[in-house]
Amino acid sequence: MKQNIFFDLDDTLVYCNKYFHLILEQFSDSMLTWFKGYPEITEQAVKDKQTEIDIAGVQVLGFKSDHFPQSLIDTYRYFSNLTGRKRSAVEEDFLWKLGQSVYEQEVEPYPFMEETLNNLAEAGHKLHLYTGGEMLIQQRKIDQLQLARYFDSRIFIRRHKNNEALESILSEGNFDRDHTWMIGNSIRTDVVPALTAGIHAIHMKVDTEWAYNNVDIAVQPRGAFLTLQHLPEVPPAIYRYVEQRHS
């Protein structure tokens with residue numbers, strides 16, 4: 001039985017969070033240097049405030065590229081106001097460029113990405129790519145890894161990746177929900193919308209998850225809901241479920 005299989009991009013098929021973590025390490029190092037002598041400025045305090053500002057902004061603006069560098073500047077300004085330390089245009093410019101640099105990193109696929117996609121495509125399943133972000137940034141990743149060979153025109157890029165966005169895609173495409181899957185690392189933007197829409201979901205668990213992605217699951221699955229850690233586990237998991245369901 002042929003399936004429609006939606007894949008998330010960032011931290012499902014390609015690495016993403018680790019580059020943000022590297023930038024945040026540089027950010028906290030800079031903050032501790034600039035605010036040396038202020039006991040309230042600790043690495044944890046800086047990271048906690050940036051996370052708070054970052055998540056609040058994403059909920060309003062979606063996955064807008066300017067938001068991340070702005071969250072660094074807003075965190076810097078918060079602690080400047082808290083301590084009374086004078087703000088510097090040079091330091092703010094440095095933070096803006098630091099934040100933007102996360103989008104210039106080389107795209108690195110997860111291990112066995114090609115083998116996994118080849119396996120599913122060669123078995124006749126229809127693959128779709130559904131990712132959050134801005135068109136130019138996400139398209140660059142898609143082009144660098146030549147992902148159109150798997151997904152063709154079945155690529156959906158949304159700034160707001162939520163229940164409404166996925167429901168719109170499924171409704172407009174008239175998908176058979178009993179034979180449709182969503183595979184991604186984010187409980188918030190992949191798993192919960194999939195379960196809400198009544199399709200199968202596979203949560204790809206990662207070692208270090210962005211706090212924004214972690215939410216409670218308050219919806220009852222209609223079909224499969226699996227948690228896996230490695231891409232090569234995906235095809236056999238889908239095949240087992242389909243076989244058991246139709247045996």
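The model is predicted. In it, helix α1 (residues 17–34) packs with helix α4 (residues 89–100), and a search of the whole structure finds eleven aromatic pairs.

**Packing of α1 and α4**

- The axes of α1 and α4 are 10 Å apart and meet at an angle of about 165°, which makes α1 roughly antiparallel to α4, since angles over 145 degrees count as such.
- The crossing in which α1 passes α4 is right-handed.
- On the α1 side the contact is made by Ile23, Gln26, Phe27, Ser30 and Trp34, while α4 contributes Glu91, Phe94, Leu95, Leu98 and Gly99.
- Sorted by class, the residues in this contact of α1 with α4 are six nonpolar, three polar and one charged.

**The pair Phe6 and Phe156**

- The ring centres of Phe6 and Phe156 lie 5.9 Å apart with the planes at 35°, so this pair is tilted.
- Because Phe6 belongs to strand β1 (residues 4–7) and Phe156 to strand β3 (residues 155–158), the pair ties together parts that are 150 residues apart in sequence.
- Phe6 and Phe156 are both buried.

- Phe35 and Tyr38 form an edge-to-face aromatic pair, at 6.0 Å centre to centre and with 65° between the planes.
- Phe35 is buried, with a relative accessible area of 1%, whereas Tyr38 is partly exposed, with a relative accessible area of 29%.
- Ring pairs join Phe35 and Tyr38 with Trp34, Tyr76 and Phe94 in a cluster; of these residues, Trp34 and Phe94 also take part in the contact of α1 with α4.

Terms used. Residues numbered from 1 in each chain as written. Predicted model: local features only at pLDDT ≥ 70, side-chain atom pairs only at ≥ 80, totals over all residues. Heavy atoms only, no water. Axes fitted to C-alpha atoms, helices over the stretch in contact; angles between N-to-C directions. Helix = DSSP H or I, 4+ residues; strand = E, 2+ residues; numbered from the N terminus. Parallel < 35°, antiparallel > 145°, perpendicular 65-115°, else oblique. Left-handed = near helix turned anticlockwise from the far one by under 90°. Contact = heavy atoms within 4.5 Å. Nonpolar A, V, L, I, M, F, W, Y, C, P; charged D, E, K, R; others polar. Phe/Tyr/Trp six-rings, centres within 6.5 Å; stacked < 30°, edge-to-face > 60°. Buried < 20%, exposed > 50% of the residue type's maximum accessible area, 1.4 Å probe, protein only.
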